[in-house]
Amino acid sequence: MLSTLFRCRIVDSAAAAIAGFKGGEKVLVGGFGLCGIPENLIAELQKNKHIKDLTVVSNNAGVDDFGLGLLLKTKQIKRMISSYVGENAEFERQYLHGELEVELIPQGTLAERVRAGGAGIPAFFTATAVGTQVQTGGIPIKYSATAGKGKEPILVSSPREVLSANSMDVNTLWKKRLSEISLSSRHGRLTLSGNLMFRGTARNFNAPMAKAGKITIAEVEEIVPIGSLQPDEIHVQGAYVDRVFKGENFEKRIERLTINDGKGLNVPGKKGSALSDEGAQRRERIVRRAAKEFKDGMYANLGIGMPMLASNYIPPEMTVHLQSENGILGMGPFPKPGEQDPDLINAGKETVTLLPGASVFGSDESFAMIRGGHIDLTILGGMEVSQNGDLANWIIPGKMVKGMGGAMDLVATSGTKVVVTMEHTAKGGRPKILPQCTLPLTGKACIDMVITDLCVFEVDKTRGVLKLVELMDGVSVDDVKKNTAADFEVHLQ
């Protein structure tokens, strides 16, 4: 038995760990994608179907058939507080059909809300999401179950208080602490004193969530004697941990196994690497141009999908430190076959490697790095951009909900150059560069440069004007005019 000198109590099973759950609890669940999730605890909750009406705080909800997706299928979750819906079709379906309440929060704000709650800070101000619906209110939390898919919101988010500080508008996003919460998370190793250590990118939301729970339950892979971990190896101290059990039969499923097969450009999330089709060739033109924005010694964050491809074109003589918001600085290429590690993924849930000198850390630390202006460049995708530099890329109301993820945090820092990469028009030739965005905003007047398959625009945010500075090969100014709804000035060099 563990000495009573320590808070932590070791129990025999997941069933014993969740003893006392009756339903209706608010539960913080660590993990990012499927990396670092409490597999056994989720499975145990699923067995106990009387434990329902849960409010679950987690960055995302796994996939349809694994992770928190299992609890969605059994309708045990009443409300999700998350930043990203992603590719979980059941999550999106339940939300749009009025079966699930969803409170969408920028990822960095979610991480800080959890961290602040654990630190006893009841409220904070942030520049993230100022000028968007997160600040002004009106984001649907619940839709009518009878009016049709995404037709009638019956519960929406409230406006946030705004003040001006240091010549910048900031808003109070969270006055309600998340510390009155039972928590479950998976960790690598635990000492008998309750100290926890994570492995790789499994730290993500686990560390701040472990510190925010009123009752903290840790599902671990290994329990080791006191003194087995060096004091500076400990990520969560025993004072935060209440119950622990050793998990069994971890599947450690990889959500997006992405490998470097040596056959050319690796397209994240897609099978094969051929660039024979026209769409892939357009994307290659865009990312090749985007790679010219890299500078030697730069710290850069690359968004999911096409922006990540720009890393394929970093010149070999140049050093660029790639940051991933799930907690990596010094991200390397995709692993070779057989070298993939489920505890080492990027923000797109793809398997990656680390370069010499790399570091890993929690999501709260990652977004402190981002909000603090320590990242020089961010490249991300867009659904729409406006002539004054507004960006929309996270939702099509009533139809498609991906969530904002970390995008709102990434574009809210004045010291970071924001580059948007996207195809110039949508399907059917509809312009995506508009006088004003028609979709809910990710950021207001936040874009510095837009790179498309036709051209490059710079944004003069002071005047609210687009400046055409480059044309892709074979493209004329008239071609750009025909496919652009916004006005722009021509400043070709």
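Author: What follows covers a sheet, the helices on it and a glutamate, in a predicted model.

Reader: What is the strand order in the open sheet of 10 strands?

Author: The order is β18-β17-β16-β15-β19-β24-β26-β27-β28-β29, and the pairing is mixed. At the edges are β18 (354–360) and β29 (488–490), each of which pairs on one side only. On average, neighbouring strands are turned by 25 degrees against each other, direction ignored.

Reader: And β16 with β17, parallel or antiparallel?

Author: Antiparallel: β16 (residues 320–324) and β17 (residues 328–331) are joined by two bridges. Ser324 stands opposite Ile328 in β17.

Reader: Which strands does helix α10 touch?

Author: Helix α10 (residues 363–371) packs on the sheet and touches β15 (298–302), β16 and β17. Its direction makes about 125 degrees with that of β16.

Reader: What about α8, which strands does it lie across?

Author: Helix α8 (residues 278–290) lies across β19 (377–381), β24 (417–421), β26 (449–451), β27 (455–460) and β28 (465–471). It runs at about 145 degrees to β26.

Reader: New topic, Glu25. Buried or exposed?

Author: Glu25 is buried, and it has no salt bridge. Glu25 sits in the loop between α1 (14–17) and β2 (26–29).

Reader: How far away is the nearest side chain of opposite charge?

Author: That is Lys22, 7.6 Å away.

Reader: Which backbone nitrogen lies 2.9 Å from a polar atom of the Glu25 side chain?

Author: The one of Gly23.

Methods
Residues numbered from 1 in each chain as written. Predicted model: local features only at pLDDT ≥ 70, side-chain atom pairs only at ≥ 80, totals over all residues. Heavy atoms only, no water. Pairing = 2+ DSSP bridges. Helix = DSSP H or I, 4+ residues; strand = E, 2+ residues; numbered from the N terminus. Axes fitted to C-alpha atoms, helices over the stretch in contact; angles between N-to-C directions. Contact = heavy atoms within 4.5 Å. Buried < 20%, exposed > 50% of the residue type's maximum accessible area, 1.4 Å probe, protein only. Lys, Arg positive; Asp, Glu negative; His and termini not counted. Salt bridge = Lys/Arg side-chain N within 4 Å of Asp/Glu carboxyl O. Polar contact = N/O pair within 3.5 Å; in protein donor to acceptor, adjacent residues only side chain to side chain.
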